[in-house]
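Trainee: I'd like to learn how to read a protein model. Can you walk me through one?

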Amino acid sequence: MVAQTGGVAGPFNPTKSMTAGEMTLVIAGVGMFFLSILVAAKTTSAPYAFHAWLFAAASAASVLAIFNRYLDRPAAAPLAEVDGKPNYNFGPVKFSTIAALVWGVAGFLVGVIIALQLAFPTLNFDLSWISFGRLRPLHTSAVIFAFGGNVLIATSFYVVQRTCRVRLAGDLAPWFVVLGYNFFIVIAGTGYLLGITQGKEYAEPEWYADLFLTVVWVAYFLVFLITVTKRKEPHIYVANWFYIAFIVTIAVLHLGNNAAVPVSLYSPKSYIVWAGVQDAMMQWWYGHNAVGFFLTAGFLAIMYYFVPKRAERPLYSYRLSIIHFWALIFLYMWAGPHHLHYTALPDWAQTLGMTFSIMLWMPSWGGMINGLMTLSGAWDKLRTDPVLRMLVVSVAFYGMSTFEGPLMSIKVVNSLSHYTDWTVGHVHSGALGWVGYVSFGAIYCLVPWLWNKPQLYSLRLVNWHFWISTIGIVLYITSMWVAGILQGLMWRSYTALGFLESSFIETVEAMHPFYVIRALGGALFLIGALIMCWNIYRTIVTPVAVERRASEGALAPAE
């Protein structure tokens, strides 16, 4: 009888035993199972009991999966190298890529539904669990954290392995990260529908979900950092710097903004430790930097890897990318107060936020120029490669959004734009044009690489996706720009006697045609995403494969 070690037979194999990681997860899973059963039995909140049963089921399934894997796997750990080449671990990357597509379509669909509800309020159907107040945080969390988060995890786990030329650190840890993160999304999303929320923008999940996410995020950081430390490449590519900044800063923001005291173990309710204007300041320190580090730094890492790869050109200026990195991470942390102009926040803090927001123009546009100039000598590819076109247009949207944001932070502009749909248009120009397109481009690149395909199933479908979704974005953001400026002007228009010229209901009525256009734009963006899902599905299932190189030639800066 000959055992197997790393898939290779040999007579001198060690006796198989559970690894420290397997034992740790089994013990944690068993403990979580019994704790969840206890909470489900003693809580008086039906939604909280439902979540406790979900935790119990997930814990039991995890323990069983680990035991089944232990029985089926070879005695030794997977080999770090095969024939002198890195034995990359792309399983978690594949899972997160598909999860991103599923959550993306779900999030875009909910967005279209709530856009229609704003235009036609009867679509609430007087049902509390599909009311706008519950679906709106479901939409934002699904597109930002479920879709965007899975794209970030998938690309970061792929990029760190390829640029460091080593296998991803850990055996079960990467799977714990991707599965645990998606389980958190399930808990958060169902919590919104059931009315469990702490009511903080982009931070609605209650204390127990926040605690679980903290554990998952620490594991994510350790997997990424250990992979970097054991790299075979002496140089740390700039994309990895942006990923590290994103992971570390989001952890700090999460812990600071969500510091809360639960009512009890058996209650989903908690009380935030911050109060009054301090709570507002913490919330928008978190909120703006969630945009700055989750939706900007992380996706800039994607830009810095996938644009040069797709263009088959070296990065325009590595020196500029380093300046971009350090300037961005320093300046962004101070810009949050611009969300609180004309509030109880001290005027000096408002001015500080505005000043740093304006200063953000420089590093942001430096990054945009670096991305666009990478195409020097390869602009002709935009005619024939719609994936590259999508990536480049995302960089252009990044430049536009990072011009508009500092502009709107200026107090005199903010007095017109704040609390209006102009802000909604600004957010979605960044979310759909920048984050959406760079994510789509990255997924279009990743899928053939991960599933060993020569190319995508259809570039023509990518073209359709690009143009349909682009029309949708233009309809969306232009309608919201016009609606927002109209709102701002109507709200501060006075008669000769000093009375408001328009009642609030008149401003709401004036928004109706723009809300219909917004819903149409969102529907077109959703249609584009569905086309993408079909294209990706056909790419994966089409039985054509080619051998990919295990390593890639290093690219030198073009400066």
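This is a predicted model: local features need pLDDT of at least 70, side-chain atom pairs count only at pLDDT 80 or more; totals for chains, interfaces and linings use all residues.

Trainee: Which residue does Arg69 meet in a salt bridge at 3.3 Å, N to O?

Mentor: That's Glu22. To read a pair like this, look at where each partner sits. Arg69 belongs to helix α2 (residues 46–72) and Glu22 to helix α1 (residues 20–42), so the bridge ties together parts that are 47 residues apart in sequence.

Trainee: Where do Asp385 and Arg310 lie?

Mentor: First, the bridge itself: the closest N and O atoms of Asp385 and Arg310 are 2.8 Å apart. Asp385 is in the loop between α12 (381–384) and α13 (386–409), and Arg310 is in helix α8, so this pair ties together parts 75 residues apart in sequence. Asp385 is buried, at 10% relative accessible area. Now look for shared partners: salt bridges join Glu22, Arg69, Arg73 and Asp171 into one network.

Trainee: OK, on to the core. Which residues touch the most other members?

Mentor: Here's the general idea: in soluble globular proteins, nonpolar side chains tend to be buried together. In this model, the largest nonpolar core has 143 residues, and Phe246, Phe294 and Phe306 touch the most other members. Helix α8 (residues 276–311) supplies the largest share of this core, 18 residues. Zoom in on Phe246, and you'll find contacts including Leu152, Trp217, Tyr220 and Phe294.

Trainee: How many disulfides does a search of the whole structure find?

Mentor: A disulfide is a covalent bond between the sulfur atoms of two cysteines. The search finds zero here. Take Cys164: the closest cysteine sulfur, in Cys445, is 19 Å away, too far for a bond. Cys445 is in no disulfide either, as its nearest cysteine sulfur, that of Cys533, is 16 Å away. Cys164 is buried at 1% relative accessibility, and Cys445 is buried with a relative accessible area of 1%.

Trainee: Last one: which residues make the nonpolar surface patch of about 540 Å²?

Mentor: Phe120, Leu123, Phe125, Leu127, Trp129 and Val516 make that patch. Leu123 sits in the loop between α3 (91–119) and α4 (132–164), and is partly exposed at 30% relative accessible area.

Note on methods. Residues are numbered from 1 along each chain as its sequence is written. Side-chain values use heavy atoms; hydrogens and water are left out. A nonpolar core is a set of buried Ala, Val, Leu, Ile, Met, Phe, Trp, Tyr and Cys residues joined through side-chain atoms within 4.5 Å. Buried means under 20% relative accessible area, exposed over 50%, partly exposed in between (1.4 Å probe, protein chains only). Helices (H or I, at least four residues) and strands (E, at least two) are DSSP runs, numbered from the N terminus. Contact means heavy atoms within 4.5 Å. A disulfide is a pair of cysteine sulfur atoms within 2.5 Å. Patches are made of residues with over 30% relative accessible area and no salt bridge: like charges are joined within 9 Å, nonpolar side chains (Val, Leu, Ile, Met, Phe, Trp, Tyr) within 5 Å. Accessible areas come from the Shrake-Rupley method with a 1.4 Å probe; for residues, only the protein chains shown count as cover. A salt bridge is a side-chain nitrogen of Lys or Arg within 4 Å of a carboxyl oxygen of Asp or Glu. Lists of a residue's contacts leave out its neighbours within four places in sequence.
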